[in-house]
Amino acid sequence: MDRVQLSPDLHLSRLVYGMWRIGDDTDTSPKHVQAKIEACLAQGITTMDQADIYGGYTAEAIFGGALKASPSLRDKIEIVTKCGIVAPAGRHSAVRGKHYDTGAAHINASVEASLRDMGTDHIDLLLIHRPDPFMDPDETGPALDALVVSGKVRAVGVSNFRPWDFSLLQSSMEAELVTNQIEVSLVAPAAFTNGDLAYLQERAIAPMAWSPLGGGSLFANEGLMSILERIGAEQGADATAVAVAWLLAHPANILPVLGTNNLGRIATIADAAKVTIDRQTWFELYSAAIGKQVP
């Protein structure tokens with residue numbers, strides 16, 4: 001499994017295991033979660049993607065149950081988590097309505113809760129989950145810097161930010177924002193032309209891609225699926241592996257975040273790294289994704 005360097009002392013596996021649905025599984029026991037982690041590690045997938053809000057603020061604790069039951073796992077993985085979304089659930093059940101909070105007090109409280117729930121003394125990569133229209137960068141930026149200096153967080157980044165949101169936050173920081181986790185897939189290809197990926201490429205910042213299979217909507221697109229299945233048959237892979245390989249082939253150095261609770265599917269995530277996508281194949285899929293040939 002290839003690895004991607006995001007900062008001088010932080011490398012992530014090229015494929016990332018997403019845990020946003022871990023609380024939806026019928027079995028959330030530490031033993032079963034540990035089996036998922038070990039299935040990833042067997043393929044060289046060492047990076048686990050979390051967020052405080054996942055599972056109504058329960059997913060980190062479910063994940064943490066496995067880490068506390070088997071402490072040696074922590075040294076084998078990198079933990080990515082996010083903060084900034086406040087919804088009326090779990091520990092925030094008393095709030096009047098969903099909103100964003102990128103204030104220093106909330107960020108610090110969220111990090112402390114994440115550390116406690118996951119049973120770890122540091123987070124490898126902390127992301128601000130959504131751009132906050134009420135954000136004060138002169139408060140948010142120094143709060144993130146202080147977390148890096150403290151050692152509680154090794155590196156920081158953002159998620160779902162547009163280039164101008166990214167620049168605004170970075171302008172108030174000493175630490176570098178090392179990634180932007182955005183939606184990119186064959187059913188959500190806008191980032192290839194709207195400036196999101198170009199901005200990151202210009203700065204040699206590797207993006208992370210959430211929902212690289214379009215949340216399952218890819219399978220409803222018969223045109224795309226027929227092409228993916230044909231390419232997969234030619235290379236001994238299934239259609240999902242080809243769809244992820246399409247992202248891996250792009251020079252932006254995209255890190256797809258793949259989530260499933262099925263142990264069998266987890267065990268085949270790395271198949272995407274075995275698929276070759278040349279330029280003509282990439283554009284064949286891109287043309288099908290946008291519904292027309294490029295001009």
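Is phenylalanine 283 buried, partly exposed or exposed? I looked it up: phenylalanine 283 counts as partly exposed because its relative accessibility is 32%. For the record, buried means under 20% relative accessible area, exposed over 50%, and partly exposed in between (1.4 Å probe, protein chains only).

Ground rules, before I go on. I am working on a predicted model, where local features need pLDDT of at least 70 and side-chain atom pairs count only at pLDDT 80 or more, while totals for chains, interfaces and linings use all residues. Residues are numbered from 1 along each chain as its sequence is written, and side-chain values use heavy atoms, with hydrogens and water left out.

**Around Phe283**

I placed phenylalanine 283 in helix 11, residues 279-290. Helices (H or I, at least four residues) and strands (E, at least two) are DSSP runs, numbered from the N terminus. Together with Ile290 and Val294, Phe283 makes a nonpolar surface patch of about 200 Å². A patch takes residues with over 30% relative accessible area and no salt bridge, joining like charges within 9 Å and nonpolar side chains (Val, Leu, Ile, Met, Phe, Trp, Tyr) within 5 Å. The areas are Shrake-Rupley values with a 1.4 Å probe, and for residues only the protein chains shown count as cover.

Phe283 also turned up in the lining of the second largest pocket, along with residues including Phe192, His250, Trp282 and Tyr286. I noted about 220 Å³ for that pocket, and a lining of seven nonpolar, two polar and two charged residues.

**The largest pocket**

Here I read a volume of about 640 Å³. Of its 31 lining residues, Trp20, Arg21, Leu213, Leu258 and Gly259 are the closest to the centre. Helix 9 gives the most to the lining, with three residues. I sorted the lining into 13 nonpolar, twelve polar and six charged.

Pocket terms: on a 1 Å grid over the protein atoms alone, a pocket is an open set of points where a 1.4 Å probe fits, with protein on both sides within 12 Å along at least five of seven lines, and lining residues have an atom within 4 Å of a point. Grid points are joined across faces, edges and corners, and the volume is the space filled by probe spheres set on them. Ala, Val, Leu, Ile, Met, Phe, Trp, Tyr, Cys and Pro count as nonpolar, Asp, Glu, Lys and Arg as charged, and the others, Gly among them, as polar.

**Salt bridges**

My search of the whole structure gave 13 salt bridges, each a side-chain nitrogen of Lys or Arg within 4 Å of a carboxyl oxygen of Asp or Glu. Arginine 230 sits in helix 8, 54 residues away in the chain.

I also checked aspartate 124 with arginine 154, at 2.8 Å. They sit in strand 8 and strand 9, 30 residues apart. Aspartate 124 is buried because its relative accessibility is 1%, whereas arginine 154 is partly exposed at 31%.

**Positive phi**

Which phi value does alanine 204 have? I found it near 55°, positive in a residue other than glycine. Alanine 204 lies in the loop between helix 7 and strand 11, and counts as exposed at 71%. Asparagine 253 has a positive phi too, about 65°, and belongs to the loop between helix 9 and strand 12.
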